[in-house]
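Student: Can we go through this model together? I'd like to start with the side chains.

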Amino acid sequence: MTEPFRPVLSPLMAEDIVKAALLEDLGRAGDITTYATIGPEKTAKAALNGREDGVIAGIELARTAFRLVDPSVVFHALVADGDRVTAGTPLIRVEGAARSILSAERVALNFLMHLSGVASYTARFADEIAHTSARVTCTRKTLPGLRAVEKYAVRLGGGSNHRFGLDDAILIKDNHIAVAGGVAQAIRAARAYAGHLVRIEVEVDNLDQMKEALTARPDAILLDNMGPDLLREAVEINRTHGGFSSADYLAAPGRVILEASGNVNLQTIRAIAETGVDFISTSKITMAAPTLDIGLDVEIR
């Protein structure tokens, strides 16, 4: 059986993000509580244990936190990013200077708990629509400075990534359309500006706007705040506009990708996916994901 694809996190990116978090936490004087109560000769062993079911993300950031505080700390990952675990599962074991372990603990846990929470919440959305061809995708609504790692966690949870920033894809929204003078006009202007590898998506609020968009042939259309009935109509308009049969519609080259957005939650996403849209975007998987409960337990010796 083929192993599922798992994204890779850049070690350089991880180091920069973790270093900033450690500087924020340790400040100018370091961990004065630990320095005051624990002698430099003390060593410790500890385990980072999952306390609820979920999908793990952030192992390498946790490893980096311990390494940057003290390269001599031994870090052994017992699971991998993307693994689904049950409550009580040991995730990581660390061994070394007690001061170092305690000083790195919170930053390591913060990344591990937050990103595992994003991956786990994404997985709940992805599981709801697994019987369809639709994919749940994230947005640019992410915590400042953490977008890349949050989007990494989304993929570990079975979701898809939307654009990473304003510079890697063109997304024409309602305000752009208002200033540009119309849907088709905005798309044509974007097509004239963009390089041949830059994709163009346009947001529409109704089916008339969608039909106008199709005349200018964007790569994708974002169907904003449309209920399932309107979404089904949009899928049919897209199919008939391209002249595709039902059998070859999904695989047809040049077909406009349809993305649904607005009022997406765990109660609505199944009905949205069953309309036949390709992607369903929601900020909830990054902005509303609860953290996964993970704790560090020191072995008493």
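Student: Is F75 buried or exposed?
Tutor: Buried, with a relative accessible area of 13%. Keep in mind that this is a predicted model.

Student: How many aromatic pairs are there?
Tutor: The count comes to 2 aromatic pairs. F75 belongs to one of them, with F66 as its partner.

Student: What is the geometry of F66 and F75?
Tutor: The pair is tilted. The centres are 6.1 Å apart, and the planes make an angle of 50°. F66 is buried too, at a relative accessible area of 1%.

Student: And which pair do Y121 and F125 form, edge-to-face or stacked?
Tutor: Edge-to-face. Their planes are 85° apart, and the centre-to-centre distance is 5.1 Å. The cut-off for that class is over 60 degrees.

Student: Why are Y121 and F125 about one helical turn apart?
Tutor: Because they are 4 residues apart in helix α4, which covers residues 98-128.

Student: Switching to charges. Where does the charged end of K151 sit?
Tutor: Over the ring of F164. The distance to the ring centre is 5.3 Å.

Student: Next, helix packing. At what angle do α4 and α5 pack?
Tutor: About 40°, with the axes 7 Å apart. Helix α5 covers residues 147-156. That angle makes α4 oblique to α5.

Student: What is the handedness of the crossing, left or right?
Tutor: α4 passes α5 in a right-handed crossing.

Student: Which residues meet there?
Tutor: From α4, H114, L115, V118, A119 and T122. From α5, V149, E150, A153, V154 and L156.

Student: Now backbone angles. What is phi at R217?
Tutor: Near 55°. That is a positive value in a residue other than glycine.

Student: Where is R217 found?
Tutor: In the loop between α8 (207-216) and β9 (220-224). R217 is partly exposed, at a relative accessible area of 30%.

Student: What about phi of N225?
Tutor: Also positive, near 55°, and again the residue is not glycine. N225 lies in the loop between β9 and α9 (228-242).

Student: Why does N225 count as exposed?
Tutor: Because its relative accessible area is 55%, and exposed means over 50%.

How values were computed:
Residues are numbered from 1 along each chain as its sequence is written. This is a predicted model: local features need pLDDT of at least 70, side-chain atom pairs count only at pLDDT 80 or more; totals for chains, interfaces and linings use all residues. Side-chain values use heavy atoms; hydrogens and water are left out. Helices (H or I, at least four residues) and strands (E, at least two) are DSSP runs, numbered from the N terminus. Buried means under 20% relative accessible area, exposed over 50%, partly exposed in between (1.4 Å probe, protein chains only). Rings of Phe, Tyr and Trp (its six-membered ring) pair if their centres lie within 6.5 Å; planes under 30 degrees apart count as stacked, over 60 as edge-to-face and the rest as tilted. A charge sits over a ring if NZ of Lys or CZ of Arg is within 6 Å of the ring centre and within 35 degrees of the ring normal. Axes are lines fitted to C-alpha atoms, for helices over the stretch in contact, and angles run from 0 to 180 degrees between N-to-C directions. Angles under 35 degrees count as roughly parallel, over 145 as roughly antiparallel, 65 to 115 as roughly perpendicular and the rest as oblique. A crossing is left-handed if the near helix is turned anticlockwise from the far one by less than a right angle, and right-handed if clockwise. Contact means heavy atoms within 4.5 Å.
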